[in-house]
Amino acid sequence: MAKKTSVITFKIKSINNLIGFLKRFSVIEKQLLLEITADNILAKSNTPDRATVKYSKIPIVDVLELKSEFKSDLLKIGIIDINKFCNAFKHFNEGDEIFFDVLTDTIGEDLLGIEMKLYNDNLKITIPCQDISLYTYISSDALKRIIKSVADEKVMEFPFPKEVFAKISSLCGMDGSEDHVKVKVTNDGKVYMKGKSFEYHLLDVQGGADIELTFKNNQFGFIDQEISAFHLSPNRMLVKSTDSDTLIVLGRQE
């Protein structure tokens, strides 16, 4: 299989935006398959059992500035450890102009990162990339099918206020990660979160429905603390953020 090695150079415009984006996924898995297009940085992550699938996208102009040719439609970079990659920036001084090189191989039609380098005039940090074959790749089409399956079977949708996340997270912290937490909606429109040790009346909605979904306690921690909408179907819940281009699908766990 033909290979063609090249280097793509970016200037980092916002370290905070890059780290904030990557940290969305570190709660699920320490490794991440990062995808870069001419317009966006995106990623999709899932738990080994596929009970949780998370997706997020951010405009590349908010994070990186391309400083060299980028002819491919898609660059895939396997980050071995999200936290270690993010911690590398601590070794640079505040206000430093930092560049980001990706050594790539073109394998067939895929442009794959094989090594990353963060550097300025005084410091260079080299970080190897993970072998792409070690990831379970979720294509854009597969993600669309997952989302559509929830939308087609949706029974109820309601807003989840940002300020309530801290309350629910604190309550979930009373129980173990493998304990269960339930989202329950009654016919009269009352929405409850129920754990092993608590029951919390979240809000009232119009047009109630008798539906209850059970998840692992730790799954709730995968949701970002942003203004969101919860979409309930009989077997899955889709959480769509209105603060960012982020969504997460949680599968029922009994």
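Which residue of β9 does L118 stand opposite? L118 stands opposite I125.

The model is predicted: local features need pLDDT of at least 70, side-chain atom pairs count only at pLDDT 80 or more, and totals for chains, interfaces and linings use all residues. Residues are numbered from 1 along each chain as its sequence is written, and side-chain values use heavy atoms, with hydrogens and water left out.

**Strands around β8**

Helices (H or I, at least four residues) and strands (E, at least two) are DSSP runs, numbered from the N terminus. Two strands count as paired if DSSP finds at least two bridges between them. Strand β8 covers residues 110-119 and runs parallel to strand β6 (residues 75-79), with two bridges joining them. K76 has L112 in β8 as its bridge partner.

Strand β7 (residues 99-107) pairs with β8 in the antiparallel sense, over nine bridges. Here T104 stands opposite G113 of β8. The two strands β7 and β8 make a hairpin with two residues between them, and G108 in the turn has a positive phi of about 65°.

β8 also pairs with strand β9 (residues 124-128), again in the antiparallel sense, over five bridges. Four residues lie in the hairpin that joins β8 to β9.

**Helix α1**

Helix α1 spans residues 15-26, which is 12 residues. From its first C-alpha to its last it reaches 16 Å, close to the 16 Å expected at 1.5 Å a residue; the expected span is 1.5 Å times one less than the number of residues. Buried means under 20% relative accessible area, exposed over 50%, and partly exposed in between (1.4 Å probe, protein chains only). In α1 the residues L18, F21, L22, R24 and F25 are buried. Seen down the axis of α1, the buried residues fall within an arc of 140°, so they line one face of the helix. The arc is taken from the directions from the helix axis to the C-beta atoms.

**Loop residue T37**

T37 sits in the loop between β2 (32-36) and β3 (40-46). With a relative accessible area of 18%, T37 is buried. Leaving out residues up to four places away in sequence, T37 touches L42, I60, F70, D73 and L74, where contact means heavy atoms within 4.5 Å.

**Salt bridges**

Side chains of opposite charge can pair when their charged atoms come close. A salt bridge is a side-chain nitrogen of Lys or Arg within 4 Å of a carboxyl oxygen of Asp or Glu. By this rule the count comes to 15 salt bridges. The table lists some of them.

| Salt bridge | Closest N and O atoms |
|---|---|
| D245 and K57 | 3.6 Å apart |
| E65 and K67 | 3.4 Å apart |
| K148 and D152 | 2.7 Å apart |

D245 forms a salt bridge with K57. This pair links distant parts of the chain, as D245 is in strand β17 (residues 245-251) and K57 is in strand β4 (residues 52-59), 188 residues apart. D245 is partly exposed at a relative accessible area of 37%, and K57 is partly exposed at 28%.

E65 is partly exposed, with a relative accessible area of 32%, and K67 is partly exposed at 45%. K148 and D152 both lie in helix α3 (residues 140-152), four residues apart, about one turn of the helix. D152 is exposed, with a relative accessible area of 53%.

A network of salt bridges links R24, K54, D224 and E226. R24 is also one of the buried residues of α1.
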